[in-house]
Amino acid sequence: MTLRTVKTHDEMGRVAASIFESEIRNKPDIVLGLATGSSPIPLYKELARLHKEENLDFSKVKTINLDEYVGLPPEHPQSYRSFMNVNLFREINIDPINTHLPNGTAADLKKECRLYDELIEKLGGIDVQLLGIGYNGHIGFNEPDDLFSNQTHVVPLACETIEANSRFFADASEVPKEAISLDVRHIMQARKIVLVANASKREILNKALCGDITPKIPASVLQLHRDLTVIFSEGE
Ligand code: F6R
């Protein structure tokens with residue numbers, strides 16, 4: 001594991017972006033695993049800048065997002081599809097057809113999960129996976145559990161996740177109670193993982209990276225990954 005400690009959220013974004021930049025320049029048709037939430041925002045801003053000012057080309061890049069809320073249509077302002085459009089996809093020259101998120105309004109959610117797994121296999125797996133970490137140690141929406149998940153699945157969101165995410169909604173009752181999440185197996189199969197976290201995650205990050213490996217702290221499995229970079233911002 002490589003740990004990079006930086007002073008600010010913006011610096012965290014720049015350091016993460018430089019890793020993504022060299023990976024994209026090395027492999028223009030790279031498959032990126034992407035995350036939503038506050039932690040990746042400075043990274044996405046920097047990738048947009050690199051595209052506009054330094055010709056970073058996304059025309060062949062493919063993306064697979066970690067998760068989507070069940071019940072929110074793509075055009076809902078709080079859907080993760082909207083988040084990605086606003087914070088990244090509209091700012092770069094990616095072909096929308098190459099951007100993938102689970103469909104949280106699919107009539108058959110189980111089938112949607114299987115199709116998502118098939119899509120990842122068809123794309124040849126994820127080259128670089130971006131992660132944030134939840135206060136309970138979740139990665140994607142793999143919440144603390146008795147087992148590590150091994151396929152894309154519908155998850156009931158933990159109470160603390162609903163509370164943490166209520167900041168994006170008018171109130172907690174509006175936060176969807178379920179999400180579709182990519183599983184731990186696919187995350188671990190990514191060739192490279194970059195995890196970004198700010199000072200508010202110090203305690204859980206410490207437990208996840210230095211404590212026992214247990215599905216009760218899903219991020220602890222990352223200790224077993226052979227190419228993990230953690231970028232930790234001492235600022236919030
Ligand atoms: C979102 C996701 C979540 C977040 C985590 C941290 O796609 O996968 O695991 O990364 O909840 O969220 P922030 O960055 O908002 O603290």
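**Buried rings and a helix crossing**

Biologist: Is phenylalanine 141 buried or exposed?
Modeller: The relative accessible area of phenylalanine 141 is 3%, where buried means under 20%, exposed over 50% and partly exposed in between (1.4 Å probe, protein chains only). The model is predicted: local features need pLDDT of at least 70, side-chain atom pairs count only at pLDDT 80 or more, and totals for chains, interfaces and linings use all residues. Residues are numbered from 1 along each chain as its sequence is written, and side-chain values use heavy atoms, leaving out hydrogens and water. Phenylalanine 141 is therefore buried.

Biologist: How many residues apart in sequence are the parts tied together by tyrosine 69 and phenylalanine 169?
Modeller: The structure holds four aromatic pairs (Phe, Tyr or six-membered Trp ring centres within 6.5 Å; planes under 30 degrees apart are stacked, over 60 edge-to-face, the rest tilted). Here the centres are 5.8 Å apart and the planes at 80 degrees, so the pair of tyrosine 69 and phenylalanine 169 is edge-to-face. Tyrosine 69 lies in strand β4 and phenylalanine 169 in the loop between α5 and β8 (DSSP runs numbered from the N terminus: helices H or I, at least four residues; strands E, at least two). The separation is thus 100 residues.

Biologist: Which class describes the rings of tyrosine 80 and phenylalanine 141?
Modeller: Their centres are 6.0 Å apart. With planes at 20 degrees, the pair is therefore stacked.

Biologist: Which residues form the ring cluster?
Modeller: Phenylalanine 141 pairs with tyrosine 80, and phenylalanine 169 with tyrosine 69. Ring pairs link into one cluster Tyr69, Tyr80, Phe141 and Phe169.
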